[in-house]
Amino acid sequence: MWKDEYNYGSCLHRITEIASHSFSALINLRFLDLSSNQLALIHPEALSIPGSPLQELNLSHSLYNFTALTDLTTALRWGGLQGLLCLDLSGNHLALLPPGMFSHLPNLQQLSLANNSLVAIYTGTFSGMNRLEVLDLTHNAFRTFRGDTLPELEKLGNIRILLGYNPYACSCEIHNYVAWLNESKAQVDVDAVRCASPRGLIGTRLRGLGVKTIGCVVPVQTEVTDLTLQTSYVFLGLVLGFVGMVFLFVLYLNRNGMKRWITEMRDACRDVLEGYHYRYEIDSDPRLGHISAHNGVNRAQGHLALALLQQQPNDTCVVPRDTQVKQVTTSPPINS
């Protein structure tokens, strides 16, 4: 173990745990080398030093597992490392980076993530890194960069980004990345950014790679399809608008007939409703109940008399029961 007032390093390579405030007594510490260890547990305040003097932190080949990465993320957040300028996390087999992992390092200028297993960069990974100057992503497992990843790199500005020596697959899926390499203002090591597959393109530089070279015709077809759909929608809108205008014009010409039809329908509905209302009043008023009952009896008697009349011979006369017969009295003849 060697240390002085500005540097602290380890040559034993047997550290597995960093306790809370392990370096708080080194108030003038500028450089901390913890590389080539097997850190499995890092306390949230393990890197906390009064005055935040630490400027360089080397953790290459030191994280034992993913749990150690989670602990390190918390330690970077709670360590108060506002003065940190350089961070080395190379060679730790990192497959992903938690969003906002470096957001509490506002003055960080150099970040090394080389020799890991990163396959993608997600939104928010490099948020808050406004003073970053060098980002090393070489020797990882990137095959391409998705459309939502490129803005994450673009917002870093005019910095040096090392993207070489990754197994890029030069297929149609990489055309957005190629376009970004051709247009980006970032300082990219373009000579080291080359195709690893397919066999016919191995070793070919990605910058300047044509769409036809990688056999990408889908975007062109998509643009044509989108244009065709837009034209169809416009034509359909014009047809529907014309049909609507014709319909309104026909209604205008036949406005008198429509008005008369609406009036007749209104009167017919009113008559029907008045009939229902009249029947409801008769049925609901007990004083008028006998009227409807009497009318029902009279109708039944009339129907019975009609049936009997049809069954009697032609010379038979049936007198209804309610017919009143007036008695006529004859006086005897007067003898003269």
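This report describes a proline in a loop, a helix and its packing, and several salt bridges in a predicted model.

P44 lies in the loop that runs between β5 (41-42) and β6 (56-58). With a relative accessible area of 32%, P44 is partly exposed.

Apart from its neighbours within four places in sequence, P44 is in contact with T74, A75, W78 and G79. The C-alpha atom of P44 is separated by 9.4 Å from that of I18, and these two residues are 26 residues apart along the chain.

## The buried face of helix α3

Helix α3 spans residues 175-183, and its buried residues are Y177, V178, W180 and L181. Viewed down the axis of α3, these buried residues fall within an arc of 160°, so they line one face of the helix. An α-helix has 3.6 residues a turn, so residues three or four places apart point the same way.

## Salt bridges

The model has four salt bridges. One of them joins the side chains of R146 and D148, at 3.3 Å from N to O. R146 is partly exposed at 41% relative accessible area, and D148 is partly exposed at 39%.

Another pairs K155 with E152 at 3.2 Å, N to O. K155 is partly exposed, with 48% relative accessibility, whereas E152 is buried at 3%.

R205 and D191 also meet in a salt bridge, at 3.4 Å from N to O. This pair links distant parts of the chain, 14 residues apart: R205 is in the loop between β13 (195-197) and α4 (218-253), and D191 is in the loop between β12 and β13. R205 is partly exposed, with a relative accessible area of 33%.

Conventions
Residues numbered from 1 in each chain as written. Predicted model: local features only at pLDDT ≥ 70, side-chain atom pairs only at ≥ 80, totals over all residues. Heavy atoms only, no water. Helix = DSSP H or I, 4+ residues; strand = E, 2+ residues; numbered from the N terminus. Buried < 20%, exposed > 50% of the residue type's maximum accessible area, 1.4 Å probe, protein only. Contact = heavy atoms within 4.5 Å. Arc of directions from axis to C-beta.
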